[in-house]
Amino acid sequence: AGQYRLQANVFSQRLNIIAFDFLGHGISEKVESAEMYTADKHLETLKVIYNRYKTDVNYVAAHSYGNIHVMRLLAWLKTQNRLSEIQKVIFIASGADPPAMPSLALKMPSFLLEWLRPLARDASNAQLFSPKTSGELIQYENEITSGNPMYMIKQIGQDILRGAWTRGIEAAASVFNSPDDKATSLPDVLLLHGKLDKTVPIESMRKLVRTVLSRVTYRACEIEDAGHLVMLEASKTVNSTVVAFLYH
């Protein structure tokens with residue numbers, strides 16, 4: 001949730017913001033149980049939170065792997081004839097293809113991955129951030145994410161290898177691309193993507209537009225000099241784009 005702090009500080013003046021950390025992330029509880037971090041468990045959590053806080057007007061935003069859970073939430077709402085509850089969706093760093101997973105590392109014991117984590121920090125930062133991102137921002141994010149346990153990260157990586165990302169994209173297609181789309185009230189979509197994103201390359205987002213979103217009302221914003229954490233690296237551009245999407 002802290003990764004949205006530069007948006008929450010702005011939009012909380014107009015909207016009731018609900019930002020949360022999934023189990024194992026950020027300041028949430030850490031439970032050393034692999035089944036608590038599956039895509040299905042995340043979806044169940046998201047359903048509970050959505051049902052608890054939804055109002056008459058609902059906008060939903062997600063980043064990276066979180067987009068997959070939102071796509072599945074939308075598909076679930078459609079089966080319940082409740083899709084019209086959500087008016088607008090913002091997908092940040094989303095793509096049709098799953099990010100490359102280090103399959104060898106995901107076979108290692110979690111304690112070894114924790115030991116190796118500091119050694120992989122520079123490579124991880126180069127993957128996540130634009131070369132122009134400030135060192136202060138990168139250090140702050142490293143301090144926050146260092147609390148995310150490797151047994152949780154390992155489970156998510158294994159889930160992606162087993163097809164969790166692909167199932168999310170299929171869920172999105174069932175919402176936005178199904179034959180009865182015209183009979184369904186679909187949310188408008190905004191895609192925000194850093195042009196220098198190495199985790200989910202920009203072409204993957206463009207493929208998502210071509211294959212899933214071409215039949216719905218969408219806007220795609222490709223942001224210069226930003227990587228995977230575009231909402232932090234280019235917060236002013238992101239915020240102004242979101243304002244235009246929500247209110248104009």
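## Packing briefing

The structure holds 3 aromatic pairs. The model is predicted.

**Aromatic pairs**
- Phenylalanine 20 and phenylalanine 22 pair edge-to-face, at 5.0 Å centre to centre and with 80 degrees between the planes.
- Phenylalanine 20 has 28% relative accessibility, so this residue counts as partly exposed.
- Phenylalanine 22 counts as buried because its relative accessibility is 15%.
- Tyrosine 37 and tyrosine 151 form a tilted pair, because their planes lie at 50 degrees, with ring centres 6.2 Å apart.
- Tyrosine 37 sits in the loop between H1 and H2 and tyrosine 151 in helix H7, so the pair ties together parts 114 residues apart in sequence.
- Tyrosine 37 is buried, at 0% relative accessible area.

**Nonpolar cores**
- The largest nonpolar core has 42 residues, and Leu74, Phe91 and Phe176 have the most contacts inside it.
- Elements giving two or more residues to this core include helix H2, strand S1, helix H3 and strand S2.
- H3 gives the most, with 9 residues.
- Leucine 74 touches Leu83, Ile86, Val89, Phe91, Val175 and Phe176, leaving aside residues up to four places away in sequence.
- A second, separate core has 21 residues, among them Phe129, Leu190, Leu229 and Val242.

**Helices H8 and H9**
- H8 (residues 164-176) and H9 (residues 202-213) pack at about 45 degrees, with axes 9 Å apart.
- The two helices, H8 and H9, are therefore oblique to each other.
- Ile169, Ala172, Ala173 and Phe176 of H8 meet Leu208, Val212 and Leu213 of H9.
- By class, this contact of H8 with H9 has 7 nonpolar, no polar and no charged residues.

How values were computed
Residues are numbered from 1 along each chain as its sequence is written. This is a predicted model: local features need pLDDT of at least 70, side-chain atom pairs count only at pLDDT 80 or more; totals for chains, interfaces and linings use all residues. Side-chain values use heavy atoms; hydrogens and water are left out. Axes are lines fitted to C-alpha atoms, for helices over the stretch in contact, and angles run from 0 to 180 degrees between N-to-C directions. Helices (H or I, at least four residues) and strands (E, at least two) are DSSP runs, numbered from the N terminus. Angles under 35 degrees count as roughly parallel, over 145 as roughly antiparallel, 65 to 115 as roughly perpendicular and the rest as oblique. Contact means heavy atoms within 4.5 Å. Ala, Val, Leu, Ile, Met, Phe, Trp, Tyr, Cys and Pro count as nonpolar, Asp, Glu, Lys and Arg as charged, and the others, Gly among them, as polar. A nonpolar core is a set of buried Ala, Val, Leu, Ile, Met, Phe, Trp, Tyr and Cys residues joined through side-chain atoms within 4.5 Å. Buried means under 20% relative accessible area, exposed over 50%, partly exposed in between (1.4 Å probe, protein chains only). Rings of Phe, Tyr and Trp (its six-membered ring) pair if their centres lie within 6.5 Å; planes under 30 degrees apart count as stacked, over 60 as edge-to-face and the rest as tilted.
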